[in-house]
Amino acid sequence: MAEAAKRAGRTDKPVLVAVSKVQPDERIAQMLAAGQSVFGENRVQEAQSRWGETFTKDRKDIELRLIGPLQTNKAEDAVKLFDVIETLDREKLAGALVKAAQKIGRMPRVLVQVNTGEEAQKSGVAVKDVSAFLTRLKTDYDIAPEGFMCIPPVGEAASPHFWLLEKLAKQHDLKTISMGMSGDYETAIEMGATHVRVGSALFGERDYS
Ligand SMILES: *Cc1c(COP(=O)(O)O)cnc(C)c1O
């Protein structure tokens with residue numbers, strides 16, 4: 001990461017989001033012991049059991065980021081647990097988050113997920129709708145996102161998507177750009193990512209069996 005930042009002539013320091021989903025407790029304990037303090041999870045329930053139960057005492061020292069799709073019926077749990085929700089992508093969810101935040105008394109920071117590949121099955125706001133969505137978030141929900149995240153289509157070069165996300169962030173004067181995973185975090189950093197979400201390259205392969 002440091003080398004990629006240097007190659008790009010960057011003086012800021014991109015943030016490593018350690019994606020701990022599915023990883024066994026001992027690997028997470030090792031990562032905590034090594035001083036890692038920012039973690040990403042893609043499912044609310046799994047994150048609750050990991051950071052609300054197994055690693056409760058470590059929770060206060062880490063920043064926890066939701067990087068997977070969020071259903072409105074889980075909004076309240078997500079607002080309770082996460083510091084940042086990276087996957088805001090529809091008005092219905094914005095409404096659920098605001099309602100949950102009022103009830104609980106805290107509002108996580110948010111990013112807007114952009115569907116840069118215009119994939120039908122993928123969540124995220126279409127590129128052409130981003131401007132209008134940001135306006136609606138501000139006027140109707142009083143939500144000011146910190147930036148954008150994207151997950152480029154599998155099997156395609158990621159760089160055009162990274163380029164697009166960086167351009168959008170600049171256009172809208174937003175500072176946070178979450179892009180890049182194990183296979184392409186260096187490219188993402190060279191193209192302006194402020195946050196890279198890395199799982200397997202950090203912890204080892206996920207064992208889904
Ligand atoms: C799982 C996941 C990652 C990490 O993937 P790796 O290839 O293991 O680095 C990053 N972002 C999102 C949204 C994910 O769901």
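Which residues are around the ligand? They are Val19, Lys21, Ile67, Ile151, Met181, Ser182, Arg197, Val198, Gly199, Ser200 and Arg206, where a residue is included if one of its heavy atoms lies within 4 Å of the ligand. The model is predicted, so local features need pLDDT of at least 70 and side-chain atom pairs count only at pLDDT 80 or more, while totals for chains, interfaces and linings use all residues. Residues are numbered from 1 along each chain as its sequence is written, and side-chain values use heavy atoms, with hydrogens and water left out.

| Residue and its atom | Ligand atom | Distance |
|---|---|---|
| Arg197, side-chain N or O | nitrogen | 2.9 Å |
| Gly199, backbone N or O | oxygen | 2.8 Å |
| Ser200, backbone N or O | oxygen | 2.8 Å |

Taken alone, the ligand exposes 390 Å², of which the protein buries 89%; these accessible areas come from the Shrake-Rupley method with a 1.4 Å probe.

The whole structure holds two aromatic pairs, that is, rings of Phe, Tyr or Trp (its six-membered ring) with centres within 6.5 Å; planes under 30 degrees apart count as stacked, over 60 as edge-to-face and the rest as tilted. The ring centres of Phe39 and Trp51 are 4.9 Å apart and their planes meet at 50°, so this pair is tilted. Trp51 and Phe55 also form a tilted pair, with 5.6 Å between centres and 40° between planes. Trp51, at 1% relative accessibility, counts as buried (under 20% relative accessible area; exposed is over 50%, partly exposed in between, with a 1.4 Å probe and protein chains only). Phe55, at 8%, is likewise buried.

Note on methods
Polar contact = N/O pair within 3.5 Å; in protein donor to acceptor, adjacent residues only side chain to side chain.
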